[in-house]
Amino acid sequence: MTAPGPALVHEDLGAAWRAARPRPAGRHLDSAACSRQSSRVLEAVAHHARNEAELGGYVAEATVGELLQQGRSVLGGLVGMAAADVVFVESAQAALNALLAAWRLPAGSRVACLPGEYAPNAAHLQAAGLAVERLPVDGLGRADLDGVARLLAGDPPSLVHLTHVASHRGVVQPAGAVAQLCRAAGVPLVLDAAQSLGHVDTDVGADVVYSTSRKWLAGPRGVGVLCVRPSVAAALTPLLAPPDGVPPLRALESGEAHVAGRVGLVLAVGEHLAAGPEPVRERLAALGRATREVLDGAGGWRVVEPREEPTATTTLRPPDGADVVATRARLLGEHGVVTTAIGPQRAPGEMTGPVLRVSPHLDATADDLEALAAAL
Ligand SMILES: *Cc1c(COP(=O)(O)O)cnc(C)c1O
């Protein structure tokens, strides 16, 4: 007798997402690392590259000026900002770097972060001369709102940097509530949305939101986005002034760039909107629930996240003696299942050991999850 499969929703979205892409070589459960691009996105990127060869790079770029501006507008819409508040960069880390370089906060300015902050982010904040402090959290690493309110009421930091969904744990931070507390205290909130844009609601009232193309939006690699509200943009001093007639923030957009990749991201965001951000979120949350249901206990691996957490990202702690890196390699080599092994160095303030991360996108099926459970 077979048990009933886990409940998924919006099967039509899953089927459409699958049909829009090249067939995967195996089972791709690794969208928190890098999603699979659609055929239309791949073709648009190739088409732009070809135009560069035929027309000249700068001539080709001028032909997509309107499209890129529409893209800034749509990306801004996903975070509650306007086109003039959005610039394209090369990655999420490049966005944070560009922001900090232009902000020029006095050395020793205090920034409050989660203890589970993504290690490269913490390194960038420290390299910018900032003193990193910890936001209070519960046992799962979720911000404790009463504690955050006390911190902001007492001796508030110069800014709060919040990673909305971590790379190493599929837990959503209460970003909307933190944004309200920050606004009331007059402290700018910077949101790392690398794992949340296209995955959970990112229109939460943050002052700065930055993200990357290749994860949940399924755009090309090597592209990122930085969104800054005018209140913070006014405090920035870019190295060079932007050309006349373009919004001041545009000085943070690199002139030399993988323009074809930006074109691809704009198309990918269009596909995300056409699918509907709300049903996308619902299906991703249902996939996360199903993943946890099917995998918890399989081969002795234990799920870290609460079963109902509304994300598609699940992490698994290994049974005694199991090597996470070797398991990830075995899943790929012997079963064609793509996952990520994450060591504690990714978030040393929170992780006590390695985890295996499983992050399906809309096209995943119950069969994929059951195959992974069996392989574990
Ligand atoms: C992937 C990731 C980043 C970095 O994104 P890049 O585009 O690789 O720079 C930052 N923060 C989190 C939480 C991430 O998962």
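Contact here means heavy atoms within 4.5 Å, and that is how helix α8 (residues 175-185) comes to lie across strands β5 (159-163) and β6. This is a predicted model, where local features need pLDDT of at least 70 and side-chain atom pairs count only at pLDDT 80 or more, while totals for chains, interfaces and linings use all residues. Residues are numbered from 1 along each chain as its sequence is written, and side-chain values use heavy atoms, with hydrogens and water left out. Helices (H or I, at least four residues) and strands (E, at least two) are DSSP runs, numbered from the N terminus.

**The seven-stranded sheet**
- Seven strands make an open sheet with mixed pairing, in the order β2-β8-β7-β6-β5-β3-β4; two strands pair if DSSP finds at least two bridges between them.
- At the edges sit β2 (86-89) and β4 (131-134), each pairing on one side only.
- Neighbouring strands of this sheet are turned by 20 degrees against each other on average, direction ignored.
- Strands β6 (residues 189-192) and β7 (residues 208-212) run parallel and are joined by 3 bridges, and Val190 stands opposite Val208 in β7.
- Helix α8 runs at about 160 degrees to β6; axes are lines fitted to C-alpha atoms, for helices over the stretch in contact, and angles run from 0 to 180 degrees between N-to-C directions.

- The order β9-β10-β13-β12 gives an open sheet of 4 strands with antiparallel pairing.
- Its edge strands are β9 (302-303) and β12 (340-342), and each pairs on one side only.
- Helix α11 (residues 277-295) packs on this sheet, touching β9, β10 and β13, and its direction makes about 20 degrees with that of β10.
- Helix α1 (residues 11-19) meets α11 too: their axes come within 10 Å and cross at roughly 95 degrees.
- On the α1 side the contact uses Glu11, Leu13 and Gly14, and on the α11 side Pro279, Val280 and Arg283.

**The largest pocket**
- A pocket is an open set of points on a 1 Å grid over the protein atoms alone, where a 1.4 Å probe fits, with protein on both sides within 12 Å along at least five of seven lines; lining residues have an atom within 4 Å of a point.
- The lining of the largest pocket includes Glu61, Arg72, Pro243, Arg250 and Arg262.
- Helix α4 (residues 65-78) gives the most to that lining, with 3 residues.
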